[in-house]
Amino acid sequence: SDDAAEVGRLWERLRGAASVLLRDIIFSFRPVTWTILAFIIISYILELTVPGYLRSMGYPDIRRGEGLEIWRLVSPAFCHLGIFHLISNAMCWCILAPYIEKSRPLWVILLLILGGAAFSNTAQYYFDSASGYGLSGVIFALSGYLFLLRRHSKEMRESVPYVVGGGIFYLGLSWIAFGYTGALVLIAGPVGNTAHLSGLVF
């Protein structure tokens, strides 16, 4: 039937996109992608083994008189609150980062990492009165950048699959909207909605 044929064609397109994506993930990693991936894994191991490590990496609690250590504006992005938190952010990082690192100057991905982390961590602290943890603010910054890049560049539309340059962006928007309903707290525990939104805005 026509419906069965259409489903078959859709499946072939999805399978083709998945194979291209997997190939790019495996063979297109660059130094920054590998470095950040290694750093968040090592950081998680230190969280589990070194007492006080997580707090020392958290956003400086200026309200309680802690000094403003500049590096701590960024460091919370590399810490994760649980293995699911780590794996989900690591997967998104490995999908998004290689496309930016291989197609843009090095300073672009460094700016997205450092700026996205500092901006989202600061927003999380001042608007939610808590230090957020995790790479998700950076992930949302990468997603928003790739979405705009793909939308305005024919070259990027041809080289970046829609699922990477569009699908993850819209999934992220849905996640933010769902997060602000409060329902995600019941499913995934505390969620840094402000960090996610500010990372996307950055």
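The backbone oxygen of G58 lies 2.7 Å from a polar atom of the R72 side chain. That is within the limit for a polar contact: a pair of N or O atoms within 3.5 Å, where within protein one must be able to donate a hydrogen and the other to accept it, and residues adjacent in sequence count only if both atoms are side-chain atoms. R72 is located in the loop between α3 (53-57) and α4 (83-103).

The model is predicted; local features need pLDDT of at least 70, side-chain atom pairs count only at pLDDT 80 or more, and totals for chains, interfaces and linings use all residues. Residues are numbered from 1 along each chain as its sequence is written, and side-chain values use heavy atoms, with hydrogens and water left out.

**Confidence and fold**

pLDDT is the predictor's confidence in each residue, from 0 to 100. The protein averages 78, and 68% of the residues score at least 70. Helix α2 (residues 31-49) has the highest confidence, 91. Helix α9 (residues 183-188) has the lowest, at a mean of 58.

The protein has 10 helices and 0 strands. Helices (H or I, at least four residues) and strands (E, at least two) are DSSP runs, numbered from the N terminus. Contact means heavy atoms within 4.5 Å. Of the contacts with a separation of 6 or more, 69% join residues 24 or more positions apart.

Two packed helices are described by the angle between their axes and the distance between the axes. Axes are lines fitted to C-alpha atoms, for helices over the stretch in contact, and angles run from 0 to 180 degrees between N-to-C directions. Angles under 35 degrees count as roughly parallel, over 145 as roughly antiparallel, 65 to 115 as roughly perpendicular and the rest as oblique.

α2 and α4 pack at an angle of about 170°, with their axes 9 Å apart. They are therefore roughly antiparallel. On the α2 side, the contact is made by P31, V32, T33, I36, L37, I40 and Y44. α4 contributes I83, L86, A90, W93, C94, A97, P98 and E101.

**Helices α5 and α6**

How do α5 and α6 lie, at what angle and what distance? Helix α5 (residues 106-128) packs against helix α6 (residues 136-152) at about 130°, with axes 8 Å apart. The pair is therefore oblique.

From α5, the meeting residues are V108, L112, I113, G116, A117 and S120. From α6, they are G137, V138, A141, L142 and Y145.

S120 sits in helix α5. A polar atom of its side chain lies 3.3 Å from the backbone oxygen of A117. A141 belongs to helix α6. Its C-alpha atom is 8.8 Å from that of A117, 24 residues away along the chain.

**Burial**

Buried means under 20% relative accessible area, exposed over 50%, partly exposed in between (1.4 Å probe, protein chains only). Buried residues make up 45% of the 202 residues.

| Residue | Relative accessibility | Class |
|---|---|---|
| R72 | 6% | buried |
| S120 | 3% | buried |
| A141 | 3% | buried |
| S159 | 37% | partly exposed |

S159 is in helix α7 (residues 154-159). S159 and Y99 are 60 residues apart in sequence, yet their C-alpha atoms are 8.5 Å apart in space.
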